[in-house]
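Take a look at the fold below. The walk-through starts with a helix pair and then turns to a sheet.

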Amino acid sequence: MALIWLELVLHFLQKKTNLKIAFIGDIVGRPGRKLISHYLKKIKEEYNIDCVIANGENASHGFGLTVKNANELFKYGIDIITGGNHTWDKKQDILALLEDNRILRPANYPNGVAGKGVGIYDINGTKLAVINLMGLFTMPQCDNPFILAKSLVENLQSQGIKHIFCDFHAESTAEKRIMFMIIKDYISAMCGTHTHVGTDDMQIVNNALYLTDIGLTGCFDNIIGMDSAVPIKKALTGLGGHFKIPTNCNSILQILIIDIDNDGNAIDAIKIKQYSDGQKFVTNSYKYKN
Ligand SMILES: [Fe+2]
């Protein structure tokens, strides 16, 4: 009898210390912010989410992030904001934003650049490290993210931090896979961003969650969240123009929810695709050992 009680207590303690984190990819402009304002609080409650991380580098008019929009996203329930190659686009606001502990930019910008790429947060008594890195292919010239990632995760491990999430902002799918293979034994989860197109390869390998790209949160019926007119003109004539966010569009909120145990192991994950017309699709993750 005593043994059963002990097992129940242990089970309860284990459940209580589990961490459920959510990740939203590139939020593109007002349509993306609007969906988050409509759905995020509801999803947080329904799935008992402890912490929401989101990539906000396209949240303001598709390019960069303003102080006003960052505060809006925090108000809607986002806890930590990561960045990428567009982090610097709202020049008047970015330096102030990067002083906020909740806002990260890729860690592989060279020494001396403002801001930081790794944050350690206390989430209900558990330490969660969030790493933001950027790829090399078609990206600004920065330090090698693979060498840096390895040293970052080793350093976090030496500090006893087991719950580690990485947003790898990269164009190339192969780069994302390479990054995962380098850091998978140290982290709880890695999810890619930047392409704005979600991939269908969500998996938990041993104890780590992997998804090549979560896809955008914003308009899905134009061209990667931007109005089609300028990109089409550019493709047909070679002449450029200013990219705009569509004023009227069909939009999608894409959110990854990861259940992490006491030891920082990803034990379960789902991805929700919530469309603006109310349709909702939930995908479970494939799990395997190797
Ligand atoms: Fe990007």
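What follows describes the helix pair, the sheet and the helices packed on the sheet.

This is a predicted model: local features need pLDDT of at least 70, side-chain atom pairs count only at pLDDT 80 or more, and totals for chains, interfaces and linings use all residues. Residues are numbered from 1 along each chain as its sequence is written.

Begin with helix α2 (residues 29-46) and helix α3 (residues 67-76). Helices (H or I, at least four residues) and strands (E, at least two) are DSSP runs, numbered from the N terminus. The axes of α2 and α3 lie 9 Å apart, at an angle of about 20°. Axes are lines fitted to C-alpha atoms, for helices over the stretch in contact; angles run from 0 to 180 degrees between N-to-C directions. So α2 is roughly parallel to α3 (angles under 35 degrees count as such). From α2, Arg33, Ile36, Ser37 and Leu40 make the contact; from α3, Asn69, Glu72, Leu73 and Tyr76 do. Contact requires C-beta atoms, placed from the backbone, within 7 Å.

Now the sheet. It is open and mixed, with seven strands in the order β4-β5-β6-β7-β9-β8-β14. Strands pair if DSSP finds at least two bridges between them. β4 (118-123) and β14 (286-288) are the edge strands, each pairing on one side only. From one strand to the next, the twist averages 20°.

Two helices pack on this sheet. Helix α5 (residues 145-158) touches β4, β5 (126-134) and β6 (163-169), and its direction makes about 170° with that of β5. Helix α6 (residues 173-183) touches β6, β7 (189-193) and β9, at about 165° to the direction of β7.

Technical notes. Angles under 35 degrees count as roughly parallel, over 145 as roughly antiparallel, 65 to 115 as roughly perpendicular and the rest as oblique.
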